[in-house]
Amino acid sequence: MSATASSGRTFPGGLGYLRPPAEIELGAYGLDLRGRRVADIGAGEGRLALGAARDAASVLAVDPDRGALARGRAEARRLGISNVKFSEGAAQSLRLPDASFDVVIFSWTL
Amino acid sequence: MVDALQEAHRILVERGVFVDARPDSRVSARVRAKSARGAVIGTIGTQRLTKMDDTLSDRAVRHVLRRKLFRSRRQGRLWHAIPFEDIDELNDYLTDHLRFSRRVQWRAPSGRRTPPLFVERAVRFELLEKRSNDGLTSA
């Protein structure tokens, strides 16, 4: 694999992705997600959301594309991940309560 | 874009972290030969409209920083490589791409464009920490 962070460290991972694998991108952020409530806005099929779910307490994946959300749910089931929810919505008008997340991710969203 | 950033601010707890990650259109993608660490044999620019969109996104982030909704905590960049079996596959990919220019600017003669080819693109990210809600009312 070929993804490196600005630190110059090379992250392991597979080839064939059009976007960086979640472990590489999340690793580059350097965030400790353990026990955190994470919102992935513009999540698509949940590439990052499913990766974040390994450490986070809970992850909400929001995207306007119902088809992508359905594929994400199916992948979560396949992987046995139960702390990710997929929800339809747009970044500009989130139907979510105030102050309800510790981390909000816009990856390839803005 | 500013609306989306304000929504992110609203749903975050105090001192919560917002991550903005996007392809870095300020840096041309690099085409490497043979391996993901191989010689750079070409570059791929970004389409003009996409660059304009990216500039607007940058402006929106600067706007919420100016309004003191967030403080910048960390910036960085990662590189991501996409493999292609050969030049034909790469050209097909570029034909439909929304961000990349349609053509590679080759830096090496055709004899050195040995497959597989790897397009290495930059993704930049910034971590912003939520400041108090005061910024929203005082702006």
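This is a predicted model: local features need pLDDT of at least 70, side-chain atom pairs count only at pLDDT 80 or more; totals for chains, interfaces and linings use all residues.

Trainee: Okay, what share of chain A do buried residues make up?

Mentor: Of the 110 residues in chain A, 48% are buried.

Trainee: And what does the secondary structure of chain A come to?

Mentor: Chain A has three helices and four strands, and, read from the N terminus, its elements follow the order α-β-α-β-α-β-β. If you take the contacts in chain A between residues at least 6 apart in sequence, 50% of them join residues at least 24 apart.

Trainee: Which elements make the β-α-β unit, and what is its handedness?

Mentor: The unit is right-handed and is made by strand 2, helix 3 (residues 66-79) and strand 3 of chain A. Its two strands, strand 2 (residues 58-63) and strand 3 (residues 84-88) of chain A, pair in the parallel sense over five bridges, and within strand 3 of chain A it is Ser87(A) that stands opposite Val62(A).

Trainee: How does the domain assignment divide chain A?

Mentor: It gives domain 1 (1-30) and domain 2 (33-106). Five residues of domain 1 of chain A are in contact with five residues of domain 2 of chain A, and on the domain 1 side of that contact there are two nonpolar, no polar and three charged residues.

Trainee: Switching to the contact between the chains, how many residues does each chain give?

Mentor: Chain A gives 35 residues and chain B gives 33 residues. On the side of chain A that touches chain B, the elements giving two or more residues are helix 1 (22-29), strand 1 (37-41) and strand 4 (101-107) of chain A, and strand 4 of chain A gives the most, with seven residues. By class, that side of chain A has 22 nonpolar, nine polar and four charged residues.

Trainee: What does strand 4 of chain A pair with in chain B?

Mentor: Strand 4 of chain A is joined by six bridges to strand 1 (residues 12-23) of chain B, and the two run parallel.

Trainee: Which residues touch the most other members of the largest nonpolar core?

Mentor: They are Val104(A) and Val19(B), in a core of 65 residues. Strand 6 (residues 117-130) of chain B contributes the largest share of this core, seven residues, while domain 1 and domain 2 of chain A each supply at least three.

Trainee: One last thing, why does Trp106(B) count as partly exposed?

Mentor: Trp106(B) counts as partly exposed because it has 14 C-beta neighbours inside 10 Å. Trp106(B) lies in strand 5 (residues 105-106) of chain B, and, not counting residues up to four places away in sequence, Trp106(B) touches Ile41(B) and Gly42(B). Phe70(B) is 36 residues from Trp106(B) along the chain, and their C-alpha atoms are separated by 41 Å.

How values were computed
Residues are numbered from 1 along each chain as its sequence is written. Chains are lettered from A and ligands numbered from 1 in the order in which they are written. Two residues are in contact if their C-beta atoms, placed from the backbone, lie within 7 Å. Ala, Val, Leu, Ile, Met, Phe, Trp, Tyr, Cys and Pro count as nonpolar, Asp, Glu, Lys and Arg as charged, and the others, Gly among them, as polar. Two strands pair if DSSP finds at least two bridges between them. A crossover is right-handed if, with the strands pointing away from the viewer, the path from the first strand over the helix to the second runs clockwise. A nonpolar core is a set of buried Ala, Val, Leu, Ile, Met, Phe, Trp, Tyr and Cys residues joined through C-beta atoms within 7 Å. A residue is buried if 20 or more other C-beta atoms lie within 10 Å of its own, exposed if 12 or fewer, and partly exposed in between; C-beta atoms are placed from the backbone. Domain bounds come from an automatic or database domain assignment.
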